[in-house]
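Hello,

Here is the structure I promised to pass on. My notes on what turned up follow below it.

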Amino acid sequence: MSGDAWREALDAARDLPDGEAKIAELERLAAHADAAGDVRLGVDARLSLVETHRYRGERWRLVEPLRRCLVALDRHPTLFDAEDVAALLRGQHAAVEALPGSPRVGLDQARVLLDDLDRRLAGAEPGTVAELRCRLADHLGDEPAARAWFARWRVVGPDHRCAACVAVRQAELLTGWGEWAEAVRVLEPVAADPGDCTDQPEAALAALLVPYLRLGRYDDAARAHVRAYRRHRREWTAFGHLPAHLLFCALGGHPARGLEILVEQLPRLARPTDERSAMEFAAAGALLCRLAGESGLTRVSDPTGQPDGAEPDAAGTHRSTRPAGHPGPARRGHESWPVDALGLGHATRLAEVFGLIRSGGTGGGRDVMALGAELLATATDLAGRFDARNGTGHQSGRVAARLAERPRTGVPAPLPAGPAPDDAEAGPVDAEPDGPGSPGELVPLTVAMVVAALERRGDRCAVDPADTVVGRWGEAMIRFERVGSGGGILHARVVVTRRLSAGRRAEAYEFVNAWNRDRLQPKAYVHEVENELVLAGDLTTDLAHGVAPVQVEVLVDAAVTTGVAYAEAVAALP
């Protein structure tokens, strides 16, 4: 095969869906490049590997391809342009950050990478280096060193990194050290004014939950939990925030709600973002189960009554919040909980990832304490893996301390029944009522109704100056706009982030024709932009005679659900 053919093979590999097949092909191409002495091809293949691992949330796999690229950079610096070097520095940062997240990264490897990153930055980003050294020391249990680096980090600032996200990381460290008032002081400005950070204010609100509880600000904690969980319950990348929500429920006097959340989120242990997040989730879940069992929520059985996952909205009406395919959550206020809904069949998939949970069949039923014991075994096992790598007992001690925590005494703060009064996000759209009368009354379609429907789903969106509502769901970018002479037509446009090469035009047309034949929504089509094929879709509904807010919710939910399904189908193309 000629050099051009290998380069074409690399281009084809980059077009593959982000999965093990793509990773294997990129590794094959990198190995060929090494054997053929084609340094540039090897670097390009490994840079694609680094990007793929980061996109998949598998930062522990960055170390080896990154190391090979850095060796090539030192030996052949003229082969690398400024963009290549910047990509390597970003990957190096991510690889060092992976050490506290996974015991599969060697401690010496991470230290060497961090020292090398410090050398390459040459003092250009002192805040970045200080943060990494602080977090590494804290993970190892060296609090004096962590505090020293923390002080230096705060003095030099966040460098070019998102100041809001840096504040959240700093506050999490302060919370771990018991400095709750300082954590609140750092976070409340972010929660009040998140700026343009797409993770805020929800990330800050989740980080505020434990400090608020420790300071006795129970109503503030309840409002922060309700608002933040509406978003975090759906986002895969928000898995690391879920332990804070479980801890709020366990320690704030809401064990029933905590079990509902645990039931709903337990399947996500099948693919956690990293082992540390799994350990924290399992430890918080174990504490929750222990406290729930002590409060009388002990047995598991099939619930009856209100719909699965129903939560009261602002009008007091119960609306299902359970994603399709998830096990139904437990009933609020009941002593018993669903047998299969406790998700042990899902949770045992963790054995395929880390080989952790050991459980028998579900035929005999389970109780809350049994689930807690399995989660504790998971947390303890993971902590032991970290400690074996680190040569300390710090993580095991943290898990033990978590299980020793007790809830506050007294009557729990009531949870808001609907969105908090200050829950509306700032934007160019004036606050418009959903309608003058009941939720079923027909009113003209407004942009605010679309935004409100997305917010009730727990989704984030932005509104551009043309009053187009824009959001992203995984591989799908979706835009909602009002069209027609009176703005009475709701138009949703789905654009898939994955693009195909122009040479795959026939295959792309075959795909969209099959989609349009077999599916009602969205209407799929292909168009070419700069020698690339963009796959998009449309959903259009004429609402010129008015629409009820509840109908907007249904239409928006359908657009998001079908748009995501379409994007996932495109991403799965070979």
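**Helix pair, sheet and salt bridges**

Helix 6 and helix 7 cross with a left-handed sense. Please keep in mind that this is a predicted model.

First, that helix pair. Helix 6 covers residues 107-121 and helix 7 covers residues 126-140. Their axes come within 10 Å and cross at roughly 165°. An angle over 145 degrees counts as roughly antiparallel, so helix 6 is roughly antiparallel to helix 7. From helix 6, the contact uses Leu-107, Arg-111, Leu-114, Asp-115, Leu-117, Asp-118 and Leu-121. Helix 7 supplies Val-129, Leu-132, Arg-133, Leu-136 and Leu-140. What is the make-up of the residues in this contact? Eight are nonpolar, four are charged and none is polar.

Two of the strand pairs are worth a look on screen:

- Strand 7 (residues 476-483) and strand 8 (residues 489-501) run antiparallel and are joined by eight bridges. Met-477 sits opposite Val-495 of strand 8.
- Strand 9 (residues 523-529) and strand 10 (residues 532-542) are also antiparallel, with seven bridges. Here His-527 faces Val-534 of strand 10. The hairpin they form has two residues between the strands, and Glu-530 takes a positive phi near 50°.

Last, the charged pairs. How many salt bridges does a search of the whole structure find? The count is 45. One of them joins the side chains of Asp-44 and Arg-7, at 2.7 Å from N to O. Asp-44 belongs to helix 3 (residues 39-55) and Arg-7 to helix 1 (residues 3-14), so this pair ties together parts that are 37 residues apart in sequence.

Over to you.

Best wishes

Key. Residues are numbered from 1 along each chain as its sequence is written. This is a predicted model: local features need pLDDT of at least 70, side-chain atom pairs count only at pLDDT 80 or more; totals for chains, interfaces and linings use all residues. Side-chain values use heavy atoms; hydrogens and water are left out. Two strands pair if DSSP finds at least two bridges between them. Helices (H or I, at least four residues) and strands (E, at least two) are DSSP runs, numbered from the N terminus. Axes are lines fitted to C-alpha atoms, for helices over the stretch in contact, and angles run from 0 to 180 degrees between N-to-C directions. Angles under 35 degrees count as roughly parallel, over 145 as roughly antiparallel, 65 to 115 as roughly perpendicular and the rest as oblique. A crossing is left-handed if the near helix is turned anticlockwise from the far one by less than a right angle, and right-handed if clockwise. Contact means heavy atoms within 4.5 Å. Ala, Val, Leu, Ile, Met, Phe, Trp, Tyr, Cys and Pro count as nonpolar, Asp, Glu, Lys and Arg as charged, and the others, Gly among them, as polar. A salt bridge is a side-chain nitrogen of Lys or Arg within 4 Å of a carboxyl oxygen of Asp or Glu.
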